[in-house]
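Biologist: Please go through this model with me and say on what grounds each label is given.

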Amino acid sequence: MAPGQTVEEALNGVQGHAQDLLQVKDLLELESWKAAQKALRQSSALLKKDIYTIIQSKPGNERPQLRKLYSFLFNNVTRLDYAARDKDGPEVWQRYKNIIVAVNDILSNI
């Protein structure tokens with residue numbers, strides 16, 4: 001579990017932090033790349049902590065699938081960050097679409 005966070009806190013925060021992550025779309029649409037990167041990093045850090053705590057609280061047989069989804073989500077967050085840095089619009093939107101899918105998958109499995 002993440003230090004200083006209970007499972008209850010993680011469960012209460014995960015939905016809001018996921019929404020914060022998805023709201024980076026507004027900045028991406030404006031092509032406000034630096035602001036999008038900053039918002040992406042802030043929201044993803046909180047979401048990452050929540051999901052990690054929740055995964056650690058699950059029975060061992062449920063963890064591999066959740067870890068796979070966690071990895072897919074945050075690899076796409078990193079790649080979106082790089083694409084925004086490079087101002088690569090098509091790559092930004094592909095990564096954003098992947099993030100939406102991953103967030104929905106994770107939320108439906110926790």
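This is a predicted model: local features need pLDDT of at least 70, side-chain atom pairs count only at pLDDT 80 or more; totals for chains, interfaces and linings use all residues.

Modeller: Residues are numbered from 1 along each chain as its sequence is written, and side-chain values use heavy atoms, with hydrogens and water left out.

Biologist: Why are α1 and α5 called roughly antiparallel?

Modeller: Helix α1 (residues 7-22) and helix α5 (residues 89-109) pack at an angle of about 170°, with axes 11 Å apart. Angles run from 0 to 180 degrees between N-to-C directions, the axes being lines fitted to C-alpha atoms, for helices over the stretch in contact. Under 35 degrees counts as roughly parallel, over 145 as roughly antiparallel, 65 to 115 as roughly perpendicular and the rest as oblique. The two helices are therefore roughly antiparallel.

Biologist: Which residues make the contact of α1 with α5?

Modeller: From α1 come Val-14, Gln-15, Ala-18, Leu-21 and Leu-22, and from α5 Tyr-96, Ile-99, Ile-100, Val-103 and Leu-107. Contact here means heavy atoms within 4.5 Å. By class, nine of these residues are nonpolar, one is polar and none is charged. Ala, Val, Leu, Ile, Met, Phe, Trp, Tyr, Cys and Pro count as nonpolar, Asp, Glu, Lys and Arg as charged, and the others, Gly among them, as polar.

Biologist: How do α3 and α4 run relative to each other?

Modeller: Their axes come within 10 Å and cross at roughly 170°, which makes α3 roughly antiparallel to α4. The contact of α3 with α4 has 13 nonpolar, three polar and six charged residues.

Biologist: What makes His-17 count as buried?

Modeller: Buried means under 20% relative accessible area, exposed over 50% and partly exposed in between, with a 1.4 Å probe and protein chains only. His-17, in helix α1, has 18% relative accessibility and therefore counts as buried. Leaving aside neighbours within four places in sequence, His-17 is in contact with Ser-43, Leu-46, Leu-47 and Asp-50. Ser-43 lies in helix α3 and is buried too, with a relative accessible area of 7%.

Biologist: What joins the side chains of His-17 and Asp-50?

Modeller: A polar contact of 2.4 Å joins them. The term covers a pair of N or O atoms within 3.5 Å; within protein, one must be able to donate a hydrogen and the other to accept it, and residues adjacent in sequence count only if both atoms are side-chain atoms.

Biologist: Is Gln-5 buried or exposed?

Modeller: Gln-5 has a relative accessible area of 12%, so this residue is buried. Gln-5 is found in the segment before α1. Its side chain makes a polar contact of 2.6 Å with the side chain of Asp-50 and another of 2.8 Å with that of Thr-53.

Biologist: How many residues has the largest nonpolar core?

Modeller: The largest nonpolar core has 29 residues, and those with the most contacts inside it include Leu-21, Leu-28 and Ile-99. Such a core is a set of buried Ala, Val, Leu, Ile, Met, Phe, Trp, Tyr and Cys residues joined through side-chain atoms within 4.5 Å. Two or more residues come from each of α1, α2 (24-29), α3 (33-57), α4 (63-85) and α5, and α4 gives the most, with nine residues.

How values were computed:
Helices (H or I, at least four residues) and strands (E, at least two) are DSSP runs, numbered from the N terminus.
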